Amino acid sequence: MKPPPAAWRIYVAIMVLMTMSVVLGWLGFRWPHPIDWEAVVVLSALGALGTNLREREFGDSLGVSFTVVVLSAAMVLAGPTGAVMVGFFSFLFDFRTSSLQSYLFNATMTAFMSGAGGAVYLLTRGLNPIASDVGPLRILLYVALPMVAGYLVSIALNALLIGVMVRLKQGKSVLSVAAGVVRSLGPAYMVHVLLAIMLVLLWQPVGVGPFSAVLIVIPLLLTQWTLSRDAAERRSHTRTVSTLMGALEVATPYSIGHSSRVAELADRMAPRLGITGESAKTLHFAALLHDLGLVSTSPRVPRRTGPSDVSYLAAIQEHPEAGVHMLADIDFLAPALPGILHHHERYDGLGYPTGLIGAKIPIFARVIAVADAFDSLTTNRSYRDEVTGQAALALLWERAGTHLDPDVVQALADALTEQPWEPTRISEAMLESAVDVNDHDDPAVSDEYAAWQPESDEVRA
């Protein structure tokens with residue numbers, strides 16, 4: 001059985017990467033730089049240990065381990081050729097990757113980026129060997145700074161090559177994925193490069209040699225333990241959110257998939273609005289849980305097939321506050337609550353629950369509002385068909401400045417330019433089971449609410 005075309009492209013990319021690694025290693029032999037074979041063996045073993053301990057909870061296809069310390073040290077101690085070998089052998093004995101594609105890609109990518117970093121170290125006048133009497137200033141100028149330069153080049157190559165692989169597999173933008181990798185992994189790697197400099201200094205000028213790997217492994221394991229602890233917390237958070245989403249989809253089968261699509265759209269828009277790191281993760285959780293309040297309010301929402309009436313609008317406008325009440329005691333979701341509470345506010349101040357206007361609406365809520373409306377328009381309903389992504393975007397532009405924040409609509413437009421959106425088609429059977437037949441996320445319902453605008457708590461009740 002032949003693999004699909006995408007698989008062929010991936011294997012071709014791996015072969016190209018492997019060829020480039022071999023060429024880089026061969027050029028390293030011609031460089032006037034000694035290869036410390038003892039360093040190659042010791043660092044390869046340490047790198048393999050780090051690879052098998054790596055923590056994967058940093059996003060799709062991403063993993064963090066102290067192998068990066070080993071690779072950075074290999075740039076200095078083993079030279080470009082030795083660094084290629086250390087990079088390759090660090091993943092050759094990876095016992096945690098079951099996919100052949102991932103196995104080959106990781107090994108060849110790491111070999112190439114390590115060798116490239118070693119070449120940059122020498123090109124920036126990095127010292128090797130480092131004499132025992134070298135002064136602090138020379139260590140800074142001719143060891144630390146060249147190592148940082150080599151490290152930055154290797155990390156940039158790492159991010160770009162992951163972007164290429166994701167592009168081949170999923171069709172996403174190379175640069176967008178690469179930027180996401182740097183944002184996700186950069187902070188975790190910064191401590192590692194400092195440890196790499198320490199390892200190099202212990203090995204050569206201090207004269208500890210291979211035993212420095214033993215001395216450095218304890219802080220490496222402590223760093224890895226910290227990452228693993230943080231990742232365990234992330235897993236716990238993800239399980240909690242998944243459980244809550246399951247409850248929502250059981251209570252409102254009509255909404256199955258909606259929250260995940262809104263979260264994906266929010267993820268695409270986030271970096272274009274300067275929302276990165278933990279803030280992006282919080283936005284993701286807010287988008288997933290923005291309709292959780294429907295669990296408690298859906299039984300009170302009247303079934304309808306025609307225009308909205310007061311009873312429907314009064315019932316449906318309660319769900320943001322209900323969702324916040326349900327999540328109030330979950331500490332890690334506290335930063336997400338404003339986005340959940342205000343995701344049906346309107347830019348012109350005619351939304352609910354509090355009638356906030358413009359920039360007073362939390363940015364998470366403004367992002368979810370755009371994603372909500374876009375997904376509603378690109379999903380079929382009992383009373384209308386779905387529209388294409390471009391048609392939905394055109395409708396959102398008509399609402400920019402009234403219903404929606406123009407800057408967020410622009411962020412969505414930019415995201416759709418990089419990766420188009422496929423409309424969602426709901427089965428007739430699912431539509432028949434709907435309680436909220438006309439979909440409270442439909443922009444038309446927002447207009448109905450804006451025209452109604454209850455004047456008192458008595459009317460809201």
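Which residue forms a salt bridge with aspartate 447? The partner is arginine 399, and the closest N and O atoms are 2.6 Å apart; a salt bridge here is a side-chain nitrogen of Lys or Arg within 4 Å of a carboxyl oxygen of Asp or Glu. The pair ties together distant parts of the chain, with aspartate 447 in helix H19 (residues 443-452) and arginine 399 in helix H16, 48 residues apart. Salt bridges with shared partners join Arg346, Asp348, Arg399 and Asp447 into one network.

Before going on, keep in mind that this is a predicted model, where local features need pLDDT of at least 70, side-chain atom pairs count only at pLDDT 80 or more, and totals for chains, interfaces and linings use all residues. Residues are numbered from 1 along each chain as its sequence is written, and side-chain values use heavy atoms, leaving out hydrogens and water.

Arginine 346 is buried at 5% relative accessible area, while aspartate 348 is partly exposed at 25% (buried means under 20%, exposed over 50%, partly exposed in between, with a 1.4 Å probe and protein chains only). Arginine 399 is buried too, at 14%, whereas aspartate 447 is partly exposed at 33%.

Now look at another pair: arginine 366 and aspartate 405 form a salt bridge, with the closest N and O atoms 2.8 Å apart. Arginine 366 sits in helix H15 (residues 363-377), and aspartate 405 in the loop between H16 (389-399) and H17 (406-418). Arginine 366 is buried at 15%, and so is aspartate 405 at 4%. The structure holds 10 salt bridges.

Methods. Helices (H or I, at least four residues) and strands (E, at least two) are DSSP runs, numbered from the N terminus.
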